[in-house]
Amino acid sequence: MVPLALMASAPLSSAAPTGGQISGAIFTTDVSGVPVNLNHYANKQDVYLNGGPGINAPDSAAGLPADTYTFQVTNPNGRVLLSTDPLACRQFTVDASGVIQSVAPSGGCAHLTGIDGEDNGITVQLYPYLDTPNPGGVYKVWVTPTSRLDCSAWAKTGCFVPRYSKTDNFKVKENAVVEIDTRFWKNGQALLGLAAGWTDTVGASNVKYSEYNPAVLAYNEAHVEAAEEGTHSISVSNQAGCTIASVTGPMGESYKNGSGKYNVSVTVAPWTAGDNTTYRVEVFCK
């Protein structure tokens with residue numbers, strides 16, 4: 001993909017995420033739980049949810065905390081609810097191992113499930129949901145603890161509170177490929193299994209891990225796929241195998257603050273037909 005100049009804020013020595021964000025990660029998959037190339041699906045019925053943290057994550061990474069969760073599908077900016085069934089039909093449980101185990105809380109209207117061969121849990125079909133109004137065919141799935149839903153204050157986001165939610169983007173049919181890639185380097189070698197936090201344009205979060213997996217077009221980076229128009233934040237910090245020396249922004253700017261924590265603001269331009277754009281954040285470790 002062709003790197004495109006993007007806007008990056010001066011690095012922040014910022015603190016870890018605040019406001020009660022939940023740990024772990026989610027990602028979209030097919031019925032088998034296998035990661036899908038560029039989060040790109042032929043049909044809406046093909047898209048399933050996995051409770052993370054993903055097969056490329058290190059063994060120390062955790063999935064979602066044990067709890068009961070509710071999910072929804074929206075357009076990328078979260079302003080249009082696309083899920084068509086009641087909240088009560090879109091629930092699942094996660095056990096202590098961090099994987100999805102049951103849709104029992106949804107009662108008689110639970111979504112279809114598959115068997116996840118990677119982690120012995122299940123995958124949960126997102127359908128039914130309406131077509132996205134996004135011209136690039138992009139959708140956003142949200143997951144939040146059911147106890148954190150707040151329909152009195154957050155009715156416009158389907159009762160989902162962004163700071164308590166995990167999100168992931170996916171595409172159906174359209175061939176545009178817009179992504180934010182974070183790479184970690186040490187002595188000229190790419191490091192795999194390192195975490196990059198992602199806060200999307202609605203303030204919800206997720207975690208991606210650097211991987212080398214040509215089958216899904218991942219070449220040493222932590223992928224944010226189908227990134228919607230607007231401003232995202234990529235957060236990186238010191239972790240096992242990487243003490244950050246500097247972070248390079250999209251136009252070659254080098255930032256170094258000594259804190260080991262950086263937030264890079266990434267502004268994604270409006271998509272065009274067949275867009276094939278990569279926004280890059282480079283992290284240099286010592």
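So, salt bridges: the count here comes to 8, where a salt bridge is a side-chain nitrogen of Lys or Arg within 4 Å of a carboxyl oxygen of Asp or Glu. Side chains of opposite charge can pair when their charged atoms come close. Before we go on, this is a predicted model, so local features need pLDDT of at least 70 and side-chain atom pairs count only at pLDDT 80 or more, while totals for chains, interfaces and linings use all residues. Also, residues are numbered from 1 along each chain as its sequence is written, and side-chain values use heavy atoms, with hydrogens and water left out.

Okay, take Asp200 and Lys140, whose side chains meet in a salt bridge at 2.9 Å, N to O. Asp200 sits in the loop between β14 (195-199) and β15 (205-209), and Lys140 is in strand β10 (residues 138-145), so this pair ties together parts 60 residues apart in sequence. Strands, by the way, are DSSP runs of E, at least two residues, numbered from the N terminus. Are Asp200 and Lys140 buried or exposed? Both are buried, and that means under 20% relative accessible area, with exposed being over 50% and partly exposed in between (1.4 Å probe, protein chains only). Lys140 and Asp200 also join Glu228 in a network of salt bridges.

Next pair: Asp168 and Lys208, again 2.9 Å from N to O. This one links distant parts of the chain, with Asp168 in strand β11 (residues 166-172) and Lys208 in strand β15, 40 residues apart. Both residues are buried.

Then there's Asp85 with Arg90, a salt bridge at 3.1 Å, N to O. Asp85 counts as buried because its relative accessibility is 15%, and Arg90 is buried at 3%.

Now for a sheet. Which order do its strands take? It's β2-β4-β9-β8, 4 strands in an open sheet with antiparallel pairing; two strands pair if DSSP finds at least two bridges between them. β2 (27-29) and β8 (113-115) stand at the edges with a single partner strand each, so one side of each has no neighbour in the sheet. If you zoom in on β8 and β9 (residues 122-125), they pair over 3 bridges, and Gly114 stands opposite Thr123 in β9.

Last stop, Tyr219, which is found in strand β17 (residues 218-225). At 38% relative accessibility, Tyr219 counts as partly exposed.
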